[in-house]
Structure formats: C-alpha cells, structure tokens
Amino acid sequence: ATGSDFEEDREDGLRDPEIKREEFSKALFNTLAPAVKQCDEVVRGVFQSQNKVLTQLSNLEEILNQWKEEDQKKKDEKQEKQQKFEQYVKKIQYVRGKVD
C-alpha cells in the first residue's frame with residue numbers, strides 16, 4: 001500500500017459516517033413518506049367530514065328556528081283569540097248584570 005492509498009482509505013473512513021447518515025436519512029424518509037401521506041389523507045378526510053357535519057347542523061338549526069318562529073306565531077294568535085274571547089265573555093257578563 002502506498003501513502004496515497006492510505007490517505008484515500010482514511011478520507012473514505014471520514015466520509016463513511018456522513019454517507020451512512022445520508023443513506024439512513026433517505027431510507028427513513030422513503031419509509032415514512034407513505035405513512036405520512038396516508039395520515040395526511042385521513043386528516044383531510046376528517047376535516048371534510050367535519051365540514052359536512054357542520055353544514056348539516058347549520059341546516060338543522062335553521063329548520064328548528066323556523067319551526068320555533070311558526071310555533072310562536074301560533075301561540076301569539078291563540079293568545080289574541082283567547083283575549084278576544086275573554087272580552088266577549090266579560091261583555092256578556094256585564095250585559096247579564098245589567099239585565100238582572
């Protein structure tokens with residue numbers, strides 16, 4: 001072995017850990033990339049589902065508020081009718097008292 005062969009082996013030895021680190025990094029990235037991509041797709045699917053649920057909840061809330069308003073209108077109308085009925089009853093009682 002010549003001096004230059006020894007120096008080349010020594011340089012390869014110094015570069016070897018860096019090369020191993022790079023190869024390990026590439027291998028780790030290549031191993032994890034599909035799992036990360038799949039996880040990302042699942043998360044996106046969850047967000048889409050969540051948006052659909054929120055949309056449906058908004059629609060349901062709107063429908064329930066409409067029913068509530070209609071029910072309140074019916075109660076108000078019923079109360080108005082009852083007040084008119086009570087007025088008629090009072091008038092009849094008044095007239096009856098006058099006649100007696």
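This is a predicted model: local features need pLDDT of at least 70, side-chain atom pairs count only at pLDDT 80 or more; totals for chains, interfaces and linings use all residues.

Trainee: How many helices and strands are in the chain?

Mentor: The chain has 1 helix and 0 strands. Helix H1 covers residues 3-99.

Trainee: And what share of the residues counts as buried?

Mentor: Of the 100 residues, 0% count as buried. The cut-off for buried is under 20% relative accessible area.

Trainee: What is the accessible surface of the chain, then?

Mentor: About 10100 Å², and 55% of that belongs to carbon and sulfur atoms.

Trainee: Changing topic: how many salt bridges are there in the whole structure?

Mentor: A search finds 3. One of them joins Asp40 and Arg44, with the closest N and O atoms 2.9 Å apart.

Trainee: Where do Asp40 and Arg44 lie?

Mentor: Both are in helix H1, 4 residues apart, which is about one turn of the helix. Arg44 is exposed at 53% relative accessible area, while Asp40 is partly exposed at 35%.

Trainee: Which residue does Lys20 pair with?

Mentor: Asp16, with 3.5 Å between the closest N and O atoms. Lys20 and Asp16 are 4 residues apart in helix H1, so about one helical turn separates them. Lys20 is exposed at 52%, and Asp16 is partly exposed at 32%.

Trainee: What about Asp71 and Lys75: how far is it from N to O?

Mentor: 3.6 Å, in a salt bridge between their side chains. Asp71 and Lys75 are also separated by about one helical turn, being 4 residues apart in helix H1.

Trainee: Is Lys75 exposed or partly exposed?

Mentor: Partly exposed, because its relative accessible area is 49% and exposed means over 50%. Asp71 counts as partly exposed too, at 39%.

Conventions
Residues are numbered from 1 along each chain as its sequence is written. Side-chain values use heavy atoms; hydrogens and water are left out. Helices (H or I, at least four residues) and strands (E, at least two) are DSSP runs, numbered from the N terminus. Buried means under 20% relative accessible area, exposed over 50%, partly exposed in between (1.4 Å probe, protein chains only). Accessible areas come from the Shrake-Rupley method with a 1.4 Å probe; for residues, only the protein chains shown count as cover. A salt bridge is a side-chain nitrogen of Lys or Arg within 4 Å of a carboxyl oxygen of Asp or Glu.
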